[in-house]
Amino acid sequence: MTYLQAAITVLEDSQRPLSTSEIMAEISRRDLIQATGKTPERTLAAALYRGIGKHPRLRRDAEEGDFRALHGSVRWYVVR
């Protein structure tokens, strides 16, 4: 299972939008993937951003800053 597939699984079961760290914590709790490397949350975040164009129901909500989303404001969800 990839990071994106694991995140979609978690988000489909969630009742609210989740941050990347919340998604990673749930992935780890469910033991969906074995995260290797030093920064699994950043790997997950990259997979989610790449997945926006590939997964038609994946969405993000964020408070926009001048050039990008404000740090800590991004929440991910799946359109039902």
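This is a predicted model: local features need pLDDT of at least 70, side-chain atom pairs count only at pLDDT 80 or more; totals for chains, interfaces and linings use all residues.

Biologist: Start with α1. Which residues in it are buried?

Modeller: Helix α1 covers residues 3-13, and its buried residues are Tyr 3, Leu 4, Ala 6, Ala 7, Ile 8, Val 10 and Leu 11.

Biologist: At what angle do α1 and α3 cross?

Modeller: Their axes cross at roughly 85° and come within 9 Å. The pair therefore counts as roughly perpendicular. On the α1 side, Tyr 3, Leu 4 and Ala 7 make the contact; α3 contributes Pro 40, Thr 43, Leu 44, Ala 47, Leu 48 and Gly 51.

Biologist: How many of the residues in that contact are nonpolar, polar or charged?

Modeller: Seven are nonpolar, two are polar and none is charged.

Biologist: What does Leu 44 touch, sequence neighbours aside?

Modeller: Beyond four places in sequence, Leu 44 is in contact with Tyr 3, Ala 7, Thr 20, Ile 23, Met 24 and Ile 27. Leu 44 also belongs to the largest nonpolar core, which has 20 residues. Leu 44 is among the members that touch the most others, along with Leu 11, Ile 23, Ile 27, Leu 48, Leu 58 and Trp 76.

Biologist: Which element supplies the largest share of that core?

Modeller: That is α1, with seven residues. At least two residues come from each of α1, α2, α3 and β2.

Biologist: And Tyr 49, what does it touch?

Modeller: Leaving out residues up to four places away, Tyr 49 touches Arg 60, Val 74 and Trp 76. Tyr 49 is in helix α3 and counts as partly exposed, because its relative accessibility is 41%.

Biologist: Different topic. How many salt bridges are there?

Modeller: The count is five. One of them joins Arg 30 to Asp 13, with the closest N and O atoms 2.9 Å apart. Arg 30 is in helix α2 and Asp 13 in helix α1, so this pair ties together parts 17 residues apart in sequence.

Biologist: Which residues are networked with that pair?

Modeller: Glu 26 and Arg 29 are linked with Asp 13 and Arg 30 in a network of salt bridges. Glu 26 and Arg 29 form a salt bridge at 2.6 Å between the closest N and O atoms. Both lie in α2, three residues apart, about one turn of the helix.

Biologist: Is Arg 29 buried or exposed?

Modeller: Exposed, with a relative accessible area of 61%.

Notes
Residues are numbered from 1 along each chain as its sequence is written. Side-chain values use heavy atoms; hydrogens and water are left out. Buried means under 20% relative accessible area, exposed over 50%, partly exposed in between (1.4 Å probe, protein chains only). Helices (H or I, at least four residues) and strands (E, at least two) are DSSP runs, numbered from the N terminus. Axes are lines fitted to C-alpha atoms, for helices over the stretch in contact, and angles run from 0 to 180 degrees between N-to-C directions. Angles under 35 degrees count as roughly parallel, over 145 as roughly antiparallel, 65 to 115 as roughly perpendicular and the rest as oblique. Contact means heavy atoms within 4.5 Å. Ala, Val, Leu, Ile, Met, Phe, Trp, Tyr, Cys and Pro count as nonpolar, Asp, Glu, Lys and Arg as charged, and the others, Gly among them, as polar. A nonpolar core is a set of buried Ala, Val, Leu, Ile, Met, Phe, Trp, Tyr and Cys residues joined through side-chain atoms within 4.5 Å. A salt bridge is a side-chain nitrogen of Lys or Arg within 4 Å of a carboxyl oxygen of Asp or Glu.
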